[in-house]
Amino acid sequence: MASSSSSRTVDVELLLDRFLSASTPTDCLDSLEQLQTACRHNGRRPNNTKLLNSKAGDDNAAAAAQKEAEAAAEQERQSLANIDMVLHNSSVLHALCSLVASSTLPSQHDNNNGSSSSNGSGMEVEGGDVAACELLLVVLPAPTPSSSSTATIPNNNNNGQRRGAGGATTEALQKQRQQKRRVEYISKTLLHFHESSDDSNDNTVGRMDSMSANGKLALTPSLLDCLCANNNNNATTTLIPSVYARVLSLQILSSLLSASPGALREQLMKAPDGINRLVDLLGHGSVTLGSSSLEESSNSIPEEVRNEAILFLTSLASSSSMLARLITFSEGYDRALKIALESSTSTSGSGLSNGSSSIAMDCLELCLALSHADDVARELFLGGGTG
């Protein structure tokens, strides 16, 4: 059994090497797909209720339940170990950031020297942005739900488990705390891996570009490059990120915000035009009903990307008064209200009062989040805007 486990670990190491040294786009994509499988577990948790109930039944049922629980726990441990191998390889993370930003896999020489693929020595991989984003979402777990899945465990006198608030056992609360720490560790590793360097001479302390001082790409600016590639005049790749890749990039940002809000907010504020680029995903603001100019500025932003950006900006504004103010100064109100009016009039033709569009409601929630988070934003909203 031990040899089987070690062989799976070696397979992941080989996959990482195969990914970094891929000679064809197909080889790169296949390596990423296999890495996703290695890092993803099926989400099955040991069925504690079934295990406890089986104790009162026959021995065969109890043995089967115990075996199922052990198999699920072993699979989860192996998946976590595989994820750690990805996180501890800075060259892999650098390559993933390059794929996200420009669908380009850096050459092995660039990885060894910690340099970016912006010099044209990398290999363009069509669909590499999607594959890299999907792997990052597998590595970065979803936020832990507030309610415990073990709250339905029977309160047997012989199980030795004390219950906390809400009916959750102390063991379940400990697992939730461990899961939270695990997610924080993963998110901080992804956000700060580019900062690891032997030299301490960093002249970019107050600014966060796509490439750090040691030549490694950073995740947050790479995600912004993927989202705003159409507006990036300095892009060196001929591949334009797909709509799906841009939606996945926003979902990664949302997961990072949930896991490490302070670190992500700091990096967004340090990134060049970070907040402005996010707000630009909403289109432009001048609200003038009946004007054909309303449609022009939004055509370049796919509706799926725009809708996901609304949700992320709402969470971002709710998390920080400073960011809410920056979103407001970037015409966040005007842009959100324009989308709400367009959406409601297209569905009902009666404006916001009778509109039932969920997009319109999301836009209004963004406006409320901005006004609740910051006094200056509230004044600008209630003060009348641009007319």
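In the predicted model, the sulfur of Cys97 lies 9.8 Å from the closest cysteine sulfur, that of Cys133, which is too far for a bond. A disulfide would require the two sulfur atoms to be within 2.5 Å. Cys228 likewise takes part in no disulfide, the nearest cysteine sulfur, in Cys226, being 9.1 Å away. A search of the whole structure returned 0 disulfides. Cys97 counts as buried because its relative accessibility is 3%, and Cys228 counts as buried because its value is 5%.

The largest nonpolar core comprises 85 residues, of which Phe19, Leu278 and Leu316 touch the most other members. When neighbours within four places in sequence are set aside, the contacts of Leu278 include Leu224, Leu227, Leu250, Leu253 and Leu268. Phe312, Leu313 and Leu316 are also among the contacts of Leu278.

Leu366 belongs to helix H17, which spans residues 358–373. With a relative accessibility of 0%, Leu366 counts as buried. Beyond its neighbours within four places in sequence, Leu366 is in contact with Leu282, Leu313, Thr314 and Ala336.

Thr104 is located in strand E1, formed by residues 104–105. Its relative accessibility is 7%, and Thr104 therefore counts as buried. The side chain of Thr104 reaches the backbone oxygen of Ser102 at a distance of 3.0 Å.

Note on methods:
Residues are numbered from 1 along each chain as its sequence is written. This is a predicted model: local features need pLDDT of at least 70, side-chain atom pairs count only at pLDDT 80 or more; totals for chains, interfaces and linings use all residues. Side-chain values use heavy atoms; hydrogens and water are left out. Helices (H or I, at least four residues) and strands (E, at least two) are DSSP runs, numbered from the N terminus. Buried means under 20% relative accessible area, exposed over 50%, partly exposed in between (1.4 Å probe, protein chains only). A polar contact is a pair of N or O atoms within 3.5 Å; within protein, one must be able to donate a hydrogen and the other to accept it, and residues adjacent in sequence count only if both atoms are side-chain atoms. A nonpolar core is a set of buried Ala, Val, Leu, Ile, Met, Phe, Trp, Tyr and Cys residues joined through side-chain atoms within 4.5 Å. Contact means heavy atoms within 4.5 Å.
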